[in-house]
Amino acid sequence: MSHLDDIDRRIGARIRIERESRGWSLTELAERSAVSRAMIHKIERGESSPTATLLGKLSGAFSLSMSALMARAEMQQGRFLKKEDQPVWVDPQTGYERRHVSPKSDLPLDLVRIELPAGADVPMPASAYAFMRQLIWVLEGELTFIEGAARHHISAGDCLELGPPTDCVFRNEGDKPCIYAVLVLRNV
């Protein structure tokens, strides 16, 4: 089993745990997330790798950030997380690579490193942002962040605080990968 298959399996298992702990059927989660029942079933069984957009919809249905859902699937408790132990997930649709950098702890914060390939577009529903505040800090390249009707062009070194939850799109309009950090502050 490859490392990515193992992550997909753990993500699927975590989604099932979140769903079952709430007493929801597959149909109820499908209605709450706007993700088909069949797709949720495939993800939970580890038969399909979810896209970033689907994970955003599912996490929002659980009243969790995508970061919190992924951390629950990926990480052990501790204060130190070596680079080789940092969970990495790759969106099978866009090649978007998400590395969870911060250790899982009681701090109300997650630090995530994203590499967005040239030409990639990752839409996220407002529900994925409803329970947290976020900062986006571009480390390399340029990112176009579309937040509702607002369009932000973010260059290396620039930092943006996200506004109120709204549908948004992370877009790399350049010809080189964009690397950025997302700092997620969870409501506690």
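Thr 144 stands opposite Arg 171 in strand S9. This pair belongs to strand S6 (residues 142–147), which is joined to S9 by 4 bridges and runs antiparallel to S9. Strands are DSSP runs of E with at least two residues, helices are runs of H or I with at least four, and both are numbered from the N terminus. Two strands count as paired if DSSP finds at least two bridges between them. S9 covers residues 168–171 and is also joined by 4 bridges to strand S4 (residues 121–124). S4 and S9 run antiparallel as well. There, Pro 123 stands opposite Val 169.

The model is predicted: local features need pLDDT of at least 70, side-chain atom pairs count only at pLDDT 80 or more, and totals for chains, interfaces and linings use all residues. Residues are numbered from 1 along each chain as its sequence is written, and side-chain values use heavy atoms, with hydrogens and water left out.

The protein chain holds 5 helices and 10 strands. Its C-alpha trace spans about 45 × 40 × 35 Å along the principal axes. The radius of gyration, taken over C-alpha atoms, is compared with a globule rule of 2.2 Å times the number of residues to the power 0.38. For 188 residues, a compact globule would have a value near 16 Å; the protein chain has 16 Å, so the two agree. Buried residues make up 45% of the 188. Buried means under 20% relative accessible area, exposed means over 50%, and partly exposed lies in between (1.4 Å probe, protein chains only). The protein chain exposes about 9,500 Å², of which carbon and sulfur atoms supply 52%. These areas come from the Shrake-Rupley method with a 1.4 Å probe; for residues, only the protein chains shown count as cover. Contact means heavy atoms within 4.5 Å. Among contacts between residues at least 6 apart in sequence, 63% join residues at least 24 apart.

An open sheet is formed by 6 strands in the order S1-S2-S3-S10-S5-S8, with antiparallel pairing. Its edge strands are S1 (88–90) and S8 (159–161), and each pairs on one side only. From one strand to the next, the twist averages 20 degrees. S8 pairs with strand S5 (residues 132–140) over 3 bridges, in the antiparallel sense. In this pairing, Ile 136 stands opposite Leu 160.

Helix H5 (residues 66–74) lies across S1, strand S2 (97–100), strand S3 (109–116) and strand S10 (178–186). H5 runs at about 65 degrees to S2. Axes are lines fitted to C-alpha atoms, for helices over the stretch in contact, and angles run from 0 to 180 degrees between N-to-C directions. In H5, 8 of the 9 residues are buried, so this helix is largely enclosed by the rest of the structure. Among them are Met 66, Leu 69, Met 70 and Glu 74.

Helix H4 (residues 52–61) is also largely enclosed, because 9 of its 10 residues are buried. These include Leu 54, Leu 55, Gly 56 and Leu 58. Just after H4, Ser 63 takes a positive phi of about 60 degrees. Helix H2 (residues 26–33) packs against H4 at an angle of about 105 degrees, with the axes 8 Å apart. H2 and H4 are therefore roughly perpendicular to each other. Leu 29, Arg 32 and Ser 33 of H2 make the contact with Lys 57, Leu 58 and Ala 61 of H4. Roughly perpendicular covers 65 to 115 degrees; under 35 counts as roughly parallel, over 145 as roughly antiparallel, and the rest as oblique.
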